[in-house]
Amino acid sequence: MSDADLSQKIESFSLVCVTPWNASPAAVARTEALAEWFACPRVPRKRRSLARIFADEGVDGVLVAEDPPRLYHRTRPNEPFFFHPGVARPRLAALSHGIPDRLLRVAGICPGDVIVDATLGTGADSLVLAAGAGPAGRVIAIESSFVLAKLFTWAQQQRGHGYPGIDRLLERIDVQWGHHAELLASMPAGSADVVYFDPMFRNPIVDEDGNIEHARPWTDPRPISDEAWNEAQRVARRCVVLKERPQSDQFARFGLTPDKSRAKIAYGVWKKGG
Ligand SMILES: C[S@@+](CC[C@H](N)C(=O)[O-])C[C@H]1O[C@@H](n2cnc3c(N)ncnc32)[C@H](O)[C@@H]1O
């Protein structure tokens, strides 16, 4: 598939929105609001199974108006994706006990920082970065998948679906839907302290970060482009951080040294001026 075709696919997944199996008046109202939020049709449930809805409607995804909303992809009809803080929860809990977070440490995040998370995904890293940036800082979180960007911003307007302590972090995250190379190109030089990339791994890590694995059919699988990397270097005042597998050739590609060689994941840091 060409780059342009892939962009088009990621931006235009076809969806329908339905009520849950037992539709309360609140769920009916949520179905209407969600259909509007995702700009997708709302179709009658008519006591149809998900398999039946996929067959009848011929769409990529079905959004079931539960709280939080559950998104099913036709290739994974038993693995809904929905907003939850996921791996951010234990990391935030550790931070609250004074245990440093590896990403915040390698990126040198300080209170008041402006951080570009160029790959929002489920938003777990954005939440941790927002905690590190504190009330005076902010996170600009970019996501090219319309569906993922919309699911996260729905959670923001629902105030985190009741996860304690998450609301104040969600408020510090400004989600921008689009390709990070283009959005970074539109930002002034030196307008962020740190730019962070966490692209999709070619080989999924099965026992870690299950939430992004459930989101995989909705994600943009492309590696970081040279253009995106160059723009990140221009926009960052302090550093650009890349998360990858330790063995990934992407570290050498950008002249980075992974911080760990035997772990499941590694970070590489490019520092401005040195
Ligand atoms: C591995 S996930 C990021 C996970 C994230 N750090 C988290 O904590 O959930 C990578 C995300 O980046 C998005 N992505 C990939 N290429 C992108 C691009 N060019 N612009 C914006 N987002 C992109 C994918 O759609 C996917 O959601």
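User: Which side chain meets Asp101 in a salt bridge?
Analyst: The model is predicted. Asp101 sits in the loop between helix 4 (88-96) and helix 5 (102-107), while its partner lies in helix 4, so the pair ties together parts that are ten residues apart in sequence. The N to O distance is 2.8 Å, and the partner is Arg91.

User: How many salt bridges does the structure hold?
Analyst: The pair of Asp101 and Arg91 is a salt bridge. For the structure, the count is 19.

User: What domains does the protein chain have, and what distance separates their centres?
Analyst: The domain assignment gives domain 1 as 3-81 and domain 2 as 88-271. Their centres are taken over C-alpha atoms. The separation is 27 Å.

User: What area is buried between domain 1 and domain 2?
Analyst: In contact are 26 residues of domain 1 and 24 residues of domain 2. Carbon and sulfur atoms give 72% of the buried area. The area is about 2,200 Å².

User: How many salt bridges and polar contacts lie between domain 1 and domain 2?
Analyst: A salt bridge needs a Lys or Arg side-chain nitrogen within 4 Å of an Asp or Glu carboxyl oxygen. Across this interface the rule finds zero salt bridges. For polar contact, with both residues at pLDDT 80 or more, the count is one residue pair.

User: Which element gives the most to the side of domain 1 that touches domain 2?
Analyst: Helix 1 (3-11), helix 2 (25-37), strand 2 (61-64), strand 3 (70-73) and strand 4 (76-81) each supply at least two residues. The top contribution is five residues, and it comes from helix 1.

User: What classes of residue make up that side of domain 1?
Analyst: The side in question is the one that touches domain 2. Its charged residues number seven and its polar ones four. The nonpolar count is 15.

User: Which residues come nearest to the ligand?
Analyst: Around the ligand there are 21 residues. The nearest are Thr122, Asp125, Glu143, Asp198 and Asp220.

User: Which side chains lie 2.8 Å and 2.7 Å from a nitrogen atom of the ligand?
Analyst: Ala124 uses a backbone N or O atom, 3.4 Å from a ligand oxygen atom. At 2.8 Å from a ligand nitrogen is a polar side-chain atom of Asp125. At 2.7 Å from a ligand nitrogen is a side-chain N or O atom of Asp198.

User: Where is the cis peptide bond of Pro68, and what is its omega?
Analyst: Most peptide bonds are trans. Pro68 lies in the loop between strand 2 and strand 3. The cis bond joins Asp67 and Pro68, with omega about 5°.

User: What is phi of Ala39?
Analyst: Most residues other than glycine have a negative phi. Ala39 lies in the loop between helix 2 and helix 3 (50-57). Its phi is positive, near 50°.

Notes: Residues are numbered from 1 along each chain as its sequence is written. This is a predicted model: local features need pLDDT of at least 70, side-chain atom pairs count only at pLDDT 80 or more; totals for chains, interfaces and linings use all residues. Side-chain values use heavy atoms; hydrogens and water are left out. Domain bounds come from an automatic or database domain assignment. Contact means heavy atoms within 4.5 Å. Buried area is the accessible area (1.4 Å probe) that two parts lose on being put together, summed over both. A polar contact is a pair of N or O atoms within 3.5 Å; within protein, one must be able to donate a hydrogen and the other to accept it, and residues adjacent in sequence count only if both atoms are side-chain atoms. Helices (H or I, at least four residues) and strands (E, at least two) are DSSP runs, numbered from the N terminus. Ala, Val, Leu, Ile, Met, Phe, Trp, Tyr, Cys and Pro count as nonpolar, Asp, Glu, Lys and Arg as charged, and the others, Gly among them, as polar. A residue is near a molecule or strand if one of its heavy atoms lies within 4 Å of it.
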